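Reader: I have a new model open on my screen. Could you show me how to read its features, one by one?

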Amino acid sequence: MSIWTSDKTVARRLMRRAFLPLLILPLAACLEGVPGDGAGAPALSTVRFFDGDVTVSGPRGYCIDPQSLRRAPDGSFALLASCESLTGTVGVLVDPAVMTVSVLPRQPGVVQPDSAAMTRALAPDEVLQAYDGDGISLVRVRTAGLAALPEGDLSYWRAGMVINDHLIGLAIYAPMGGVVAGPAGRALLTDLAETLRRQSPERKFAPDAEKTGAGTLPQAATQPPVQAKQGF
């Protein structure tokens, strides 16, 4: 059976080794075989991280896998997939995709990394396309000539943005030949970013004595992710 049609529990292991430097959170070890903060809950439409500074909600037709949720002082994480695949209930038809959202703690004055910084962070992996937009930077990546997912497409997208002084890493993966591996992935990841920005409150923070400066992304494991299922 294709891994894109296999049981959804494999999707919960998707990010076990997914954290290239750009994904910013060293959560690889805790994701394997450990129930998430939302274990036992149904698919979620919204989660809030860091006392509500960042609200995660998917584009129409995509929900949050509660098994994937991680909340910790050093960073939080959520994985999104089609609501239909997570719930088993027929709903809005969307392209198969797995999206991830990683949120670092608030850093006053943090600066959004541009596509050039993201490209350097991903070396030696090949960046196929790079874009710097209004409030988001995106790169389309090929992982050293190997598929990021078994039976997944060679290319995938990553993005960086800032909300309320929190540095956020986004990523999207597709099955082999899936449309979100191409331009549709850029559009969907941008849609996710806009949804996060729209749903999150606009905080007004008092000036801090020291600014932490540019969006330097912590190093993390560099292995590719593992499996996903059809409909994600």
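This is a predicted model: local features need pLDDT of at least 70, side-chain atom pairs count only at pLDDT 80 or more; totals for chains, interfaces and linings use all residues.

Reader: Next, the cores. Which residues have the most contacts inside the largest nonpolar core?

Author: The general idea is that in soluble globular proteins, nonpolar side chains tend to be buried together. Here the largest nonpolar core has 31 residues, and Val56, Val101, Ile168 and Leu170 have the most contacts inside it. Helix 5 (residues 183–199) gives the most to this core, with 5 residues. A second, separate core of 7 residues includes Leu122, Val139, Val141 and Ala171.

Reader: And what does Val101 touch?

Author: Leaving aside residues up to four places away in sequence, the partners of Val101 include Val56, Phe77, Leu80, Ile168, Leu170, Leu192 and Leu196.

Reader: Helix 5 has come up already. Which of its residues are buried?

Author: Gly185, Leu188, Leu189, Leu192, Ala193, Thr195 and Leu196 are the buried ones in helix 5. Looking down the helix axis, these buried residues fall within an arc of 160°, so they line one face of helix 5. The face turned away from that buried side carries the exposed residues Pro183 and Arg198. As a length check, 17 residues at 1.5 Å a residue should span 24 Å, and the end C-alpha atoms of helix 5 are 24 Å apart, which agrees.

Reader: Last topic: how many disulfides does a search of the whole structure find?

Author: A disulfide is a covalent bond between the sulfur atoms of two cysteines. The search finds 1. Cys63 and Cys83 form this bond, with their sulfur atoms 2.0 Å apart. Cys63 sits in strand 3 (residues 62–64) and Cys83 in helix 3 (residues 83–87), so the pair ties together parts 20 residues apart in sequence.

Reader: What is its handedness, and are the two cysteines buried or exposed?

Author: The torsion about the S-S bond of Cys63 and Cys83 is about 90°, so the disulfide is right-handed. Both Cys63 and Cys83 are buried.

Terms used:
Residues are numbered from 1 along each chain as its sequence is written. Side-chain values use heavy atoms; hydrogens and water are left out. A nonpolar core is a set of buried Ala, Val, Leu, Ile, Met, Phe, Trp, Tyr and Cys residues joined through side-chain atoms within 4.5 Å. Buried means under 20% relative accessible area, exposed over 50%, partly exposed in between (1.4 Å probe, protein chains only). Helices (H or I, at least four residues) and strands (E, at least two) are DSSP runs, numbered from the N terminus. Contact means heavy atoms within 4.5 Å. The expected span of a helix is 1.5 Å times one less than its number of residues. The arc is that of the directions from the helix axis to the C-beta atoms. A disulfide is a pair of cysteine sulfur atoms within 2.5 Å.
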